[in-house]
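Please keep the sequence and the structure in view while reading.

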Amino acid sequence: MQRLYPTAEADGSAGLGTPLGLAEAYAYPERAAGPYLRANMVSSLDGAARYDGRSAPLSSEADMRIFGVLRALADVVLVGAETVRQEGYRPAKARAAFAARRAADGQPPAPAIAVISRRLDLDFTAPLFTEPATPTLVLTGAATPEDRIAAARAAGAQVVIAGDGDGVDPVRTVRELAALGHARLLHEGGPRILAQFAAAGALDELCLTVAPLIGGGDAPRIMNGPSVPGPARFVPRSVLEEDGFLFTRYVRA
């Protein structure tokens, strides 16, 4: 893996071949700065977030390495219920290379998965709820039926009310997770949910993998929802490359 930007860094591409080296390249701001939400998404050259209904065909071995590192740095991973179903989400793994780092920072061995769902129409017998290293959270609104909330709690999930109606409020979601001690937040989509967070001004950083692939079709973009006021300006933090894939990192201006 090589660093294309910024080229002036003295260490160039040093360390990018190791998980801990990548961790330094993608380090979060200090916790004292408050909660910080980054998103990690992949897109084809023609702007598709999925191919044949899933993101995996657009990924690569290097993309999955960065995917693993970003999870290993996070306190919690946010994901929409539709993406959980489409991608067959499982619990985040505890990674040996990060065990000491996470322990020293007061983090559990693996980040929690936080599923955003309006109706909690989820399979609570799935491994995401029965086999997590860190208990799974579900984020929902105050109008969610009580029987679905009870079912989530019976499955061992932690229910977080993050909205007054039948959905979640992005800004309140960040606030509620921060109150639980989750300051380093990672958003993995899908496109509709991510667009809502960006439109609310809750997104601090976007890590976007640009795959050297063209798929056509009618797949959604990485954000496929409400417009972002402005549009909002983000500035590049870094660009890495391997096997034709570009790994970009942009932060809110």
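Arg172 and Glu176 form a salt bridge in this predicted model, and the closest N and O atoms of the pair are 3.3 Å apart. Both residues belong to helix α7, which covers residues 170-179. They sit 4 residues apart, about one turn of the helix. Arg172 has a further partner: Asp164, with the closest N and O atoms 2.9 Å apart.

Glu176, with a relative accessible area of 25%, is partly exposed. Asp164 is exposed, because its relative accessible area of 70% is over the 50% limit.

Another salt bridge brings together the side chains of Arg249 and Glu205, at 2.7 Å from N to O. Here the two residues come from distant parts of the chain, 44 residues apart. Arg249 is in strand β10, and Glu205 is in strand β8, which covers residues 205-210. Both Arg249 and Glu205 are buried. There is also a network, in which salt bridges with shared partners join Arg31, Asp75, Asp105 and Arg184. The structure holds 14 salt bridges. As a general point, side chains of opposite charge can pair when their charged atoms come close.

| Pair | N to O distance |
|---|---|
| Arg172 and Asp164 | 2.9 Å |
| Arg172 and Glu176 | 3.3 Å |
| Arg249 and Glu205 | 2.7 Å |

The next topic is the nonpolar side chains. In soluble globular proteins, such side chains tend to be buried together. In this model the largest nonpolar core has 41 residues. Which residues have the most contacts inside this core? They are Tyr26, Val115, Leu122 and Val138. Several elements give two or more residues to the core, among them the helices α1 (19-25), α3 (81-87) and α6 (146-154), and the strands β3 (76-80), β4 (112-116) and β10. Helix α2 (61-73) provides the largest share, 6 residues.

Tyr26 can be followed in detail. Leaving aside residues up to four places away in sequence, Tyr26 touches Arg38, Ile66, Leu70, Leu73, Cys207, Leu240, Phe247 and Arg249. One of these contacts, Arg249, is the residue that forms the salt bridge with Glu205.

Strand pairing comes next. Strand β9 (residues 234-242) pairs with strand β1 (residues 2-5) in the antiparallel sense, over 3 bridges. In this pairing, Tyr5 stands opposite Val239 of β9. Strand β9 is also joined to strand β10 (residues 245-252), and these two run antiparallel with 8 bridges between them. Glu242 stands opposite Phe245 in β10. The hairpin of β9 and β10 has 2 residues between the strands.

Asp243 lies in the loop between β9 and β10. Its relative accessibility is 66%, so Asp243 counts as exposed.

Leu120 also has a positive phi of about 55° without being a glycine. This residue is found in the loop between β4 and α5. Leu120 has a relative accessible area of 0% and is therefore buried, whereas Asp243 is exposed.

Pro231 is in the loop between β8 and β9. The peptide bond from Gly189 to Gly190 is cis as well, with omega near 5°. Gly190 has its place in the loop between β7 (184-187) and α8 (191-199).

Terms used:
Residues numbered from 1 in each chain as written. Predicted model: local features only at pLDDT ≥ 70, side-chain atom pairs only at ≥ 80, totals over all residues. Heavy atoms only, no water. Pairing = 2+ DSSP bridges. Core = buried A, V, L, I, M, F, W, Y, C linked by side-chain atoms within 4.5 Å. Buried < 20%, exposed > 50% of the residue type's maximum accessible area, 1.4 Å probe, protein only. Contact = heavy atoms within 4.5 Å. Salt bridge = Lys/Arg side-chain N within 4 Å of Asp/Glu carboxyl O.
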